[in-house]
Amino acid sequence: MESSELTKNLPVIEGIKSKYEDSKLDPMSIFNFFFDESIFEMLTLNTNKNMRLKTQSKISLFTKEEIKSFIFIHIYMSMYKYPQINLYWEDNILLSSKIKNVMSYNRFITLSRYFHISDYEEGDHKANRLLYINCLFSKLNKSFGQLHSFSSFLTIDESMASYQGVIHFKQYIKDKNRKWGIKFFALCDSTSSYVYKLIPYTGKQFSYDTDKGIGPSVAERLLTDIKTGTQISFDSFFTSFDFLNELHRKEFFFTGTFLPTKKCYQRFRDVKLKQDEVSIREIEGITYMVYHNKRMIYMASNKYSANTI
C-alpha cells in the first residue's frame with residue numbers, strides 16, 4: 001500500500017494567500033510543494049549510497065516510495081507520542097494498521113539506521129556543521145518565497161526550534177517559550193507570520209561581518225531581493241546606526257527598537273525622562289524616540305516622523 005494511505009481526509013488549511021490562485025492549500029498540497037519529487041529522489045539516492053558505504057549485507061535498496069512512507073510515519077509519530085517506537089506497530093495502538101500496511105517495523109528500523117540527506121562523501125562536517133542538511137535546507141528555503149507572495153509588511157526576528165538532543169550549536173534563550181533548541185533568524189510576514197526565509201545559527205562557526213555585527217549582517221542577508229518600499233520591523237538585536245542609515249538610503253521603511261548601551265547609540269544614554277515623557281530627535285531623516293513608560297523604551301523609524309508621533 002502506498003504512503004497516501006497515511007494522508008487521507010486531511011483538512012484544508014486556511015489563512016495562507018498563495019501565489020497560485022488555482023492551488024488547493026490542503027496539507028498534502030503544501031507538503032508536496034516543499035517536498036517535491038526531486039527532494040525524494042535526492043533522499044533515496046543518498047540513503048542508498050550511505051547504506052552501501054556502511055554495510056556489505058544484502059539489504060535491498062530503498063525505494064522512493066519507502067522514503068516517503070518513512071517521512072509520513074515520522075510526522076504521525078510527532079502527533080501521537082508513545083514511549084517506544086515498536087508500540088506504533090502494536091495492534092491496540094491508534095493508526096497502527098495504517099502504519100503496518102505502509103512499512104514493517106524491521107524495515108523502518110533499517111531505514112532509520114541508514115537514512116541520509118546529503119551526499120556522504122561531500123565536504124568536511126567539522127568545517128560546516130550544516131553539511132548534512134544544507135542541500136535540503138537550501139531547497140526548502142527557496143520554496144518558502146515561491147508559495148507565498150511577499151507582503152509589504154515584514155518582520156525580522158529570532159525563532160527557536162525545540163530540540164532536546166545533543167548538538168554543538170544548541171542555544172538557550174530565556175525569553176522564548178521554547179528555551180532550548182536550534183536558533184533561526186527569520187524573515188516573516190508581519191500579519192500572517194508566514195516565514196519567507198530562515199538562517200540557522202551555528203554558534204561560533206556562524207559567518208558574519210564582524211565590522212557590522214551579527215544582527216545587522218543577518219538582517220542584510222534576509223533582506224536580499226526584497227523590493228524597496230517594503231516596511232520592516234525588528235528589535236534591538238538587529239539594529240545599528242549604520243544599518244538604519246543603509247536601509248534609509250535604500251528606501252526601505254522601518255521601525256525598530258535600539259539599546260543605548262550600544263556604542264553607536266551612546267548619545268541617548270543620558271536622556272532623563274519622567275513617567276510618560278517622550279524625547280524625539282531626527283537625525284539624517286530618521287526619527288529616534290525615547291519614551292519612559294514602566295521602563296525606558298528606545299525606538300527608531302523613518303516611516304513615522306516627529307509630527308506623526
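Colleague: Is Thr-47 buried or exposed?

Modeller: Thr-47 counts as buried, because its relative accessibility is 0%. Bear in mind that this is a predicted model.

Colleague: Nice. How many aromatic pairs does a search of the whole structure find?

Modeller: The search finds 29 aromatic pairs. One of them is Phe-31 with Phe-35, a stacked pair with 4.9 Å centre to centre and 5 degrees between the planes.

Colleague: Why does that pair of Phe-31 and Phe-35 count as stacked?

Modeller: Because the planes of Phe-31 and Phe-35 are 5 degrees apart, and planes under 30 degrees apart count as stacked.

Colleague: What about Phe-234 and Phe-243, how do their rings sit?

Modeller: Their ring centres are 6.0 Å apart and the planes are at 55 degrees, so the pair of Phe-234 and Phe-243 is tilted. Both Phe-234 and Phe-243 are buried.

Colleague: Changing topic a bit: which ring does the charged end of Lys-68 sit over?

Modeller: The charged end of Lys-68 sits over the ring of Phe-40, 5.5 Å from the ring centre. There is also Lys-303, which lies over the face of Phe-253 at 5.2 Å from the ring centre.

Colleague: Is Lys-68 buried or exposed, then?

Modeller: Lys-68 is buried, with a relative accessible area of 16%.

Colleague: Which residue does Lys-68 meet in a salt bridge?

Modeller: Its salt bridge is with Glu-37, at 2.8 Å from N to O. Lys-68 lies in helix α3 and Glu-37 in helix α2, so this pair ties together parts that are 31 residues apart in sequence.

Colleague: Which residue forms a salt bridge with Lys-64?

Modeller: Glu-37 again, and the closest N and O atoms of Lys-64 and Glu-37 are 2.7 Å apart. This pair also links distant parts of the chain, with Lys-64 in helix α3 (residues 64–79) and Glu-37 in helix α2, 27 residues apart.

Colleague: How accessible are Lys-64 and Glu-37?

Modeller: Lys-64 is partly exposed, with a relative accessible area of 29%. Glu-37 is partly exposed as well, at 37%.

Colleague: How many salt bridges does the count come to?

Modeller: The count comes to ten salt bridges. Among them is the one where the side chains of Lys-183 and Glu-158 meet, at 3.2 Å from N to O.

Colleague: Where do Lys-183 and Glu-158 lie?

Modeller: Lys-183 lies in strand β3 (residues 180–189) and Glu-158 in strand β1 (residues 153–162), so the pair ties together parts that are 25 residues apart in sequence. Both Lys-183 and Glu-158 are buried.

Colleague: Last one: which residues do salt bridges that share partners join into one network?

Modeller: That network is made of Glu-37, Glu-41, Lys-64 and Lys-68.

Key
Residues are numbered from 1 along each chain as its sequence is written. This is a predicted model: local features need pLDDT of at least 70, side-chain atom pairs count only at pLDDT 80 or more; totals for chains, interfaces and linings use all residues. Side-chain values use heavy atoms; hydrogens and water are left out. Rings of Phe, Tyr and Trp (its six-membered ring) pair if their centres lie within 6.5 Å; planes under 30 degrees apart count as stacked, over 60 as edge-to-face and the rest as tilted. Buried means under 20% relative accessible area, exposed over 50%, partly exposed in between (1.4 Å probe, protein chains only). A charge sits over a ring if NZ of Lys or CZ of Arg is within 6 Å of the ring centre and within 35 degrees of the ring normal. A salt bridge is a side-chain nitrogen of Lys or Arg within 4 Å of a carboxyl oxygen of Asp or Glu. Helices (H or I, at least four residues) and strands (E, at least two) are DSSP runs, numbered from the N terminus.
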